[in-house]
Amino acid sequence: MIEHRKGISIALVLIAAPPLVTLIATAHQMIGTGGDGLIRASAVTASSPPATAAPKAAAPAPASAPASAPSTAPAAAPATSPASPSSGASGSAAPAAAAAPTPVPGRSAQDFTASRPAWEEYLRGADPAAGKLLAANGKPAAGVQACVACHGQAGVTPTGGIFPNLAGLSSEYLAKQLADFRSGTRIQPLMNTVARALTEQEIGQVAAYYGTLAGPPLHVGEFGGEAARKLDLQGDGARALPACANCHGLRGMGEGVLLPRLAGQSREYFTDQMNAFRSGARQNDDVGVMRAFSQRLTDSEIQALAAYYAGPAPQQK
């Protein structure tokens with residue numbers, strides 16, 4: 001019975017000991033060993049930077065005093081203090097302004113609006129009629145030939161080749177491409193020269209005009225074979241190749257304003273651009289998507305897709 005009571009006593013001591021030790025340690029920390037007593041709010045002093053800032057603010061005064069009044073250097077200090085109220089706290093705020101970090105151009109940390117590309121402004125209020133005149137006549141004073149010389153009278157190249165059909169593409173896509181040519185993000189020597197000779201307003205006008213034109217007749221799927229059809233509609237999961245239709249729409253008709261129509265583009269142009277993506281010569285695709293996909297395609301698959309989207313070759317005239 002006695003042993004049982006001793007066991008209970010020991011258990012109670014073990015239970016009470018940790019809180020008691022914590023209480024003692026807390027009291028010791030608060031009272032401390034230096035005899036300063038409990039921590040009081042009045043005992044917590046302000047930080048010292050304001051005290052050291054005053055000499056720094058007054059430091060320029062002695063430097064300027066010899067130039068204005070060599071014999072009255074002490075009087076220079078009061079001269080600087082009245083200046084601060086009259087000039088918007090120029091005396092005391094000057095060190096703070098000098099120490100402030102240089103603002104970084106761009107949006108603030110509290111700006112959660114969607115980021116908008118610069119080329120969108122090119123299209124704001126763009127006149128398609130003015131773009132039509134520019135496409136037909138060019139800009140001879142700046143050495144820019146007419147767009148129709150390469151892209152056809154109605155935005156459809158009559159003989160195919162490496163010149164793309166512009167008809168059927170959205171104004172937004174065309175404005176982005178011209179802006180990329182202008183900035184050098186997309187490289188093609190002729191188009192880089194043309195785009196740099198056009199103003200932002202003219203780029204918007206040309207893009208707005210071609211965005212109103214219907215694309216060429218469709219013959220998608222008549223050529224290219226089963227391999228091309230499968231890549232268009234199903235892709236190839238084993239090679240991480242999604243269906244082309246996922247981004248470019250069914251039968252290559254385009255999806256949204258920035259995923260271009262493939263239907264009706266010439267075989268030569270399609271092949272040329274896929275090879276440019278594959279080699280890295282063209283790099284203005286979104287986060288490198290087309291560069292990655294093109295590298296997973298074989299040469300024969302690129303040729304098959306080119307035939308699949310192009311349809312029959314145009315008749316020579």
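Reader: How many of the 11 residues of helix α11 (residues 200-210) are buried?
Author: This is a predicted model, in which local features need pLDDT of at least 70, side-chain atom pairs count only at pLDDT 80 or more, and totals for chains, interfaces and linings use all residues. Residues are numbered from 1 along each chain as its sequence is written, and side-chain values use heavy atoms, without hydrogens and water. Buried means under 20% relative accessible area, exposed over 50%, and partly exposed in between (1.4 Å probe, protein chains only). Helix α11 is mostly covered, and the number of its residues that are buried is 9.

Reader: Which helices are included in what covers the buried residues of α11?
Author: The buried residues of α11 include E202, V206 and Y210. Helices are DSSP runs (H or I, at least four residues), numbered from the N terminus. The cover, judged by contact (heavy atoms within 4.5 Å), includes α6 (119-123), α7 (128-137), α8, α9 (171-183) and α10.

Reader: Is H151 buried or exposed?
Author: H151 sits in helix α8 (residues 148-151). Beyond four places in sequence, H151 touches V156, T157, F163, P164 and L166. Its relative accessibility is 10%, so H151 counts as buried.

Reader: What distance separates the C-alpha atoms of N192 and R182?
Author: N192 belongs to helix α10 (residues 189-197) and is buried, with a relative accessible area of 6%. Leaving aside neighbours within four places in sequence, N192 is in contact with F181, R186 and I187. R182 and N192 are 10 residues apart along the chain, and their C-alpha atoms are separated by 5.7 Å.

Reader: At what angle do helix α14 (residues 267-279) and helix α16 (residues 299-310) pack?
Author: Two packed helices are described by the angle between their axes and the distance between the axes. Axes are lines fitted to C-alpha atoms, for helices over the stretch in contact, and angles run from 0 to 180 degrees between N-to-C directions. The axes of α14 and α16 lie 8 Å apart, and the packing angle is about 140°.

Reader: Which word describes how α14 lies to α16?
Author: The two helices pack at about 140°. Angles under 35 degrees count as roughly parallel, over 145 as roughly antiparallel, 65 to 115 as roughly perpendicular and the rest as oblique. Therefore α14 is, relative to α16, oblique.

Reader: How many helices are there in the protein?
Author: Of its 317 residues, 30% count as buried. The protein has 0 strands, and the number of helices is 16.
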